[in-house]
There are 2 protein chains.
Amino acid sequence: MKNKIFFELIHQSRRSRARVGRIHTPHGVIETPGFVPVATNATIKTVESSLINQLDVQLMFCNTYHLLLHPGPEVVAAAGGLHRFMNRPGPIITDSGGFQVFSLAYGGVADELKSRGKKKSEGSVLRITEDGVLFRSYRDGSPVLLTPESSVQVQKSLGADIIIPLDELVPYHLDPRALRRSLERTHRWEERSLIEHKNDPREQAMYAVIPGSVDMSLRERSCAYLQKLPFDGFAIGGSLGKTREEMIALVGQIVPLLSGDKPRHLLGIGDLPSLEACILFGIDTFDSAHPTKCARHGILFSDKGPINLTRSYWKTVHEPVSDAPFCREYSASYLHHLFKTHEVAAHQLATLHNVDYMMRFMRRVRERILADEI
Amino acid sequence: MKNKIFFELIHQSRRSRARVGRIHTPHGVIETPGFVPVATNATIKTVESSLINQLDVQLMFCNTYHLLLHPGPEVVAAAGGLHRFMNRPGPIITDSGGFQVFSLAYGGVADELKSRGKKKSEGSVLRITEDGVLFRSYRDGSPVLLTPESSVQVQKSLGADIIIPLDELVPYHLDPRALRRSLERTHRWEERSLIEHKNDPREQAMYAVIPGSVDMSLRERSCAYLQKLPFDGFAIGGSLGKTREEMIALVGQIVPLLSGDKPRHLLGIGDLPSLEACILFGIDTFDSAHPTKCARHGILFSDKGPINLTRSYWKTVHEPVSDAPFCREYSASYLHHLFKTHEVAAHQLATLHNVDYMMRFMRRVRERILADEI
């Protein structure tokens, strides 16, 4: 039987390992390399879906952790799945929920990646066992058990096109023995997830998560192990180092270990320099809340670098600063005014700009790969 | 010379003083009775203008006080006026700025209308003289002098179709002598405003403000005095009593004192029962932030009464709750979810619903007046 999701290689650059491809899904085609905006609570923050649908967003990322806690998978399932619930006709990818569970436990995401291992398992994570992870809901404090099987079941209910198995996220500073034990457990969790998924595959695909922190020997073990299992693609996750340079070096070593016939996703990376570097290694898709978060802070992406719309310079610039849908109707001066008066219409327009910018950026990247320019 | 703005009576109900008309302006026709949403900072809160432009909003209200303080009238003028600045092709009305200056001094709007006169002139209002009112900017604390002439000049720069002269807002509890003195000063201010306006009328019209608090003898004096001056319409403002019933009774007495050939606007009233009552007296337009404020609190207007979308009842209602543009794409369950997860897309969609609802409500009112049903 043909997989529901498959990767079609269109062009392999002659200059680098960059490639142009298409991921075929039941909800449409995703051109790669592609950027995947994050709609945590089944909406891109500050913009209702029908506006986003007017941009060329080919894959959307939703967070299982948040949707598990509200409205709950049973509500989304009764609505006919996430696509209908949030009015998105195109493909959707969800994560396992594990990243939020563990990163809330280790403090903020940045804290956790940079933590010295001091905040392990305190706070919202109550217990990590072979079975799964028990944590407290951030909404009402009630205990919730997330297991490999329950994460798959939640993602089944959500009905995402691409689902991701539960892995244990470890802090950056963890002793090698503990790291190895965690890695082995994650492998067992991923295998259990795959069994749960294959029991009732529906129209969904499952990517493997490549865990392993910054230890390349562990990453190699994971790649070797997980590639033997019938996953539909790979998602590189976990701690990727403390700096952009470390992350890029690590991704550059991991990608060649993955077979080329399946799509490769890099989790949670969305800044332009990282994208440009990792595309050259053959990463196909990237998700990140970075462009939409920047937008809410008044930072607009442009070919000449980021523009800070809150700076008083823009107060008297009466030309549009954006050629994105909606945003292009307004002058920089008006957008500046909305930011200075704390009107959320500012966030809305800037978000539409940055999401549109990312889509155009990736389109140009694809064209350049097709022309063997990169 | 024909006025830039004129009122055309289409139908006078045979059942009441309700009437259907058209206010012709340089930016288009306003059908009356009509509801006027409030775009304080040159945007309806949480919704960018091009979405509002897809609804049937025939007149929009902007606040001079806010636009004076940011971005400043010179910026809006350099942008080509408010219509271009905020991307609104249709008619706009601005107020004098006085209401916010005085109401901030007396506390919140509700406090001020209900105050016992204790908070007069303290806080942001520094001095009220024959010249005008000196107040502190809420943005940076700098002193700003608002005079009848400067208010007109600001509104000239903004380029609104309909402008309103400065009046002194008095607290509800003020002794009769002070009230009379204030009224006389407001008359002088309005006359100065009219002179300033007529010096350079441009494409704009000016409504008189009918001041006078709850004292009908003073309201009568104002109506008699202001009607002799060549204003293009009337706006009923000031304290209108402590309860809806008092307000309705007062408006019912004031309207018959105004000539029928000019439009009559009721300032700051937007709840449905008040609208229904005051339309019967012959009020033509109403502005209020009430429907959009309700929307941000999860209250959707409907023919069966207000719906509180934050109630858990809606969590599992998978049918749309709105037939408004944009909003109708989503189930009640999804909107409930957005409210419970504090996503501003909820505010956006609910605002579009309530503004659209008000427009449809007024359209039905016009049809009923035309049929002499009310």
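Student: In this predicted model, over how many bridges do β1(B) and strand β2 of chain B pair?
Tutor: Strand β2 covers residues 19-25 of chain B, and its pairing with β1(B) is antiparallel. The number of bridges between β1(B) and β2 is 6.

Student: Which strands stand at the edges of the open sheet in chain B?
Tutor: The sheet has 3 strands in the order β1-β2-β3, with antiparallel pairing. A strand with a single partner has one side left without a neighbour in the sheet, so the edges are held by β1 (6-12) and β3 (28-32) of chain B.

Student: What is the average twist from one strand to the next in this sheet, and at about what angle does α14(B) run to β2(B)?
Tutor: From one strand to the next, the twist averages 20°. Helix α14(B) lies across β1, β2 and β3 of chain B. Its angle to β2(B) is about 125°.

Student: Is helix α13 of chain B largely enclosed or largely open?
Tutor: Helix α13 spans residues 332-340 of chain B, and 8 of its 9 residues are buried. Among them are B:Tyr334, B:Leu335, B:Leu338 and B:Phe339.

Student: Against which helices do the buried residues of α13(B) pack?
Tutor: The packing involves both chains. Chain B contributes α14 (344-370). The helices from chain A are α3 (73-78) and α4 (82-86).

Student: Which residue with positive phi follows α13(B)?
Tutor: The phi of this residue is near 60°. The residue that follows α13(B) is B:His342.

Student: Are α8(A) and α9(A) roughly parallel or roughly antiparallel?
Tutor: The axes of α8 (residues 176-199) and α9 (residues 216-227) of chain A come within 11 Å and cross at roughly 15°. The contact includes A:Leu183 and A:His187 of α8(A) together with A:Ser222 and A:Tyr225 of α9(A). The crossing is right-handed. Angles under 35 degrees count as roughly parallel, and α8(A) and α9(A) are therefore roughly parallel.

Student: What radius of gyration does chain A have, and why does it agree with a compact globule?
Tutor: Chain A has 374 residues, and a compact globule of that length would have a radius of gyration near 21 Å, so the value for chain A agrees. Its C-alpha atoms fill a box of roughly 60 × 55 × 45 Å along the principal axes, and 53% of its residues count as buried. The radius of gyration of chain A is 20 Å.

Key
Residues numbered from 1 in each chain as written. Chains lettered and ligands numbered in written order. Predicted model: local features only at pLDDT ≥ 70, side-chain atom pairs only at ≥ 80, totals over all residues. Buried ≥ 20, exposed ≤ 12 C-beta atoms within 10 Å, placed from the backbone. Helix = DSSP H or I, 4+ residues; strand = E, 2+ residues; numbered from the N terminus. Contact = placed C-beta atoms within 7 Å. Pairing = 2+ DSSP bridges. Axes fitted to C-alpha atoms, helices over the stretch in contact; angles between N-to-C directions. Rg over C-alpha atoms; globule rule 2.2 N^0.38 Å. Parallel < 35°, antiparallel > 145°, perpendicular 65-115°, else oblique. Left-handed = near helix turned anticlockwise from the far one by under 90°.
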